[in-house]
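This report is for a reader new to the structure shown here. Please look over the sequence and the model before reading on.

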Amino acid sequence: QVQLVESGGGLVQAGESLRLSCAASGRADSTYVTGWFRQAPGKEREFVAAFRRSDANTYYADSVKGRSTISRDNAKNTVYLQMGSLKLEDTAVYFCAATSKRYYLRTDYYQTGTYDYWGQGTQVTVSS
């Protein structure tokens, strides 16, 4: 089992930056892919970014590409999502997710069903 705890959310103004953290415990070393998803009120949960541990490859949704960076600190078993130039539409609850299964296709990482473990989420609110 893997436990995930997100932190770093809050209220920010449009154009500012924010760094979210996802700390893993339990069998954290077994995780293969860690992803970030978000869910705005009344909308489905959507993919934001993913980090594949074996080769440090990263994947981003078009909506955040170019202004976001996902990274991992192996010593801390923590995955970070740095988001810049925040927009009002970035307002959502952000969830961290992980899987220990060996998924190799990029499209797999975009799906919520790929992930076995989920955190409780952290709220990000962007104001004008």
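The sections below cover the model, the disulfide, the nonpolar core and the salt bridges.

## The model

This is a predicted model, in which local features need pLDDT of at least 70 and side-chain atom pairs count only at pLDDT 80 or more, while totals for chains, interfaces and linings use all residues. Residues are numbered from 1 along each chain as its sequence is written, and side-chain values use heavy atoms, leaving out hydrogens and water.

## The disulfide

The whole structure holds one disulfide (a pair of cysteine sulfur atoms within 2.5 Å). It joins C22 to C96, with 1.9 Å from S to S. C22 lies in strand β3 and C96 in strand β9, so the pair ties together parts 74 residues apart in sequence. Strands are DSSP runs of E, at least two residues, numbered from the N terminus.

C22 is buried at 2% relative accessible area, and C96 is buried at 0%. Buried means under 20%, exposed over 50% and partly exposed in between, with a 1.4 Å probe and protein chains only.

## The nonpolar core

The largest nonpolar core has 37 residues, and L4, W36, I70, L81 and Y94 have the most contacts inside it. Such a core is a set of buried Ala, Val, Leu, Ile, Met, Phe, Trp, Tyr and Cys residues joined through side-chain atoms within 4.5 Å.

## Salt bridges

A search finds seven salt bridges (a side-chain nitrogen of Lys or Arg within 4 Å of a carboxyl oxygen of Asp or Glu). R53 pairs with D29 at 3.6 Å between the closest N and O atoms. R53 is partly exposed at 25%, whereas D29 is exposed at 58%.

Definitions and conventions. Helix = DSSP H or I, 4+ residues; strand = E, 2+ residues; numbered from the N terminus.
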